[in-house]
Amino acid sequence: MITLNRLLFLGLGALFSAYHLFLGLSSLSIPSAPGPAIVAMALYAVATVISLWPTSPTKMPLWLAAFDLAVCVVIPILVTSELDPAKDNGYATWYVAAVGTLMTIAAVRRQQFVAWVGVGFLAVQTVVWAGPGALAGLGVVGSVVWVGVAVVISGSLAKAGRDALQFARAEREATEWQAAQEAHVMERQLRLRQTYRVAAPMLAEIVRRGGDLTEAERRECRYLEGAIRDEIRGRRLLNDDVRREVMDARRRGVVVSLLDEGGIDDLDQSGLETVLRRLADAIRGTTTDKLIVRTVPRSSKTAVTVVGLRMSDDGAANALGVESDDDEVDLWLEIPRPLVDAAR
């Protein structure tokens with residue numbers, strides 16, 4: 001959040017407060033008795049030191065705001081009790097600017113209500129003690145203006161800070177959205193290139209021969225169709241070794257289904273290669289009728305499950321690759337999530 005420079009604020013507050021105390025000390029000969037003024041200066045010094053303490057939070061605690069308000073009530077009463085309102089008291093009215101400074105500190109530290117109450121009491125006490133004309137002559141109006149300016153500036157800075165946080169959040173969201181879109185585009189381009197690499201030679205051959213293919217070539221086209229489907233549904237389950245083993249399995253008559261549902265998206269490249277290497281080994285040489293490879297949700301210790309089914313004698317179901325009640329599981333393999341990734 002945008003705030004006043006803390007050291008600058010503390011330094012200015014300390015200088016102003018010290019100046020008011022200097023004026024009070026230099027005018028101790030004016031009051032009929034200096035004791036109340038000295039007590040007032042001591043209270044003001046304590047309140048100022050606590051209010052400007054370097055390690056204090058930005059927002060003034062409520063107990064400290066109440067203490068400062070009490071000091072601002074007591075100081076005018078103590079000092080004016082030994083002054084004659086009909087005379088020119090000179091710098092003996094130092095308390096007016098002191099109260100304004102202390103309440104300005106409170107306003108900057110987000111205790112605006114206490115600040116207004118403090119200068120409001122100062123104004124009422126001045127009118128009661130010396131009349132309405134003393135408001136301008138003693139500088140009460142200036143103290144009220146200080147507090148008003150502090151309230152406006154601190155409010156503006158707080159709003160600017162909130163706006164800056166909102167803009168920063170919006171910028172991060174826009175950046176994340178753009179990165180996601182670029183990742184989607186790159187993923188689509190990669191899949192398109194891979195699909196083109198797989199299908200282009202056979203498509204060119206089909207065009208060259210006008211669709212007149214032998215039965216073996218038609219089977220090869222079906223295998224390629226399955227490979228293209230793998231690129232869409234298999235996603236991260238594929239690398240060159242897995243593609244080769246899946247194609248060999250299909251040529252042996254195995255119905256292969258690859259389903260990547262996002263369960264291994266959190267694996268790094270090393271962990272992914274470990275999983276895919278084990279997957280390629282599992283597919284290699286299998287003679288099951290149907291092979292289902294599926295990713296497992298990230299919360300599991302298993303990354304990929306490989307299930308092999310021995311199908312029933314239902315020819316229609318076998319041709320469609322549909323499971324029947326008589327299908328038997330003759331292969332079950334759980335490929336564990338790499339330890340490095342699982343520990344994250």
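Predicted model: local features only at pLDDT ≥ 70, side-chain atom pairs only at ≥ 80, totals over all residues.
Biologist: Where does Arg110 lie?

Modeller: Look at the loop between α4 (94-108) and α5; Arg110 lies there. Its backbone deserves a glance too: phi of Arg110 is positive, about 65 degrees, although the residue is not a glycine.

Biologist: And what is phi of Arg235?

Modeller: Arg235 has a phi near 45 degrees, again a positive value in a residue other than glycine. You will find Arg235 in the loop between α8 and α9. With a relative accessible area of 26%, Arg235 is partly exposed.

Biologist: Now to helices. How do I read a packed pair?

Modeller: Packed helices are described by two things, the angle between their axes and the distance between the axes. Take helix α2 (residues 35-51) and helix α3 (residues 62-80): their axes come within 9 Å and cross at roughly 160 degrees. Angles over 145 degrees count as roughly antiparallel, and α2 and α3 are therefore roughly antiparallel to each other. The crossing of α2 and α3 is left-handed.

Biologist: Which residues in α2 and α3 meet?

Modeller: On the α2 side they include Val39, Leu43, Tyr44 and Ile50, and on the α3 side Trp63, Phe67, Val71 and Leu78 are among them. Sorted by class, the contact of α2 with α3 has 17 nonpolar residues, one polar and one charged.

Biologist: At what angle do α9 and α10 cross?

Modeller: The axes of helix α9 (residues 240-251) and helix α10 (residues 269-283) cross at roughly 15 degrees and come within 9 Å. That angle makes α9 roughly parallel to α10. The crossing of α9 and α10 is left-handed. In this contact Asp241, Val242, Glu245, Val246 and Ala249 of α9 meet Leu276, Leu279, Ala280 and Ile283 of α10. The contact of α9 with α10 has seven nonpolar residues, no polar ones and two charged ones.

Biologist: Is Leu224 buried or exposed?

Modeller: Leu224 has a relative accessible area of 13%, and residues under 20% count as buried, so Leu224 is buried. Leu224 sits in helix α8 (residues 215-233). If you leave aside neighbours within four places in sequence, Leu224 is in contact with Val198, Met202 and Met247.

Biologist: How far apart are Leu224 and Ala199 in space?

Modeller: Their C-alpha atoms are 6.6 Å apart, while in sequence Leu224 and Ala199 are 25 residues apart. Now try Val114 and Leu276: these are 162 residues apart along the chain, and their C-alpha atoms are separated by 68 Å.

Biologist: What surrounds Val114, then, and which residues does it touch?

Modeller: Not counting residues up to four places away in sequence, Val114 touches Ala65, Leu69 and Met103. Val114 belongs to helix α5 (residues 112-130) and is buried, with a relative accessible area of 9%.

Biologist: One last feature. How many disulfides are there?

Modeller: A disulfide is a covalent bond between the sulfur atoms of two cysteines. The test is a pair of cysteine sulfur atoms within 2.5 Å, and here the count comes to zero disulfides.

Note on methods:
Residues numbered from 1 in each chain as written. Heavy atoms only, no water. Axes fitted to C-alpha atoms, helices over the stretch in contact; angles between N-to-C directions. Helix = DSSP H or I, 4+ residues; strand = E, 2+ residues; numbered from the N terminus. Parallel < 35°, antiparallel > 145°, perpendicular 65-115°, else oblique. Left-handed = near helix turned anticlockwise from the far one by under 90°. Contact = heavy atoms within 4.5 Å. Nonpolar A, V, L, I, M, F, W, Y, C, P; charged D, E, K, R; others polar. Buried < 20%, exposed > 50% of the residue type's maximum accessible area, 1.4 Å probe, protein only.
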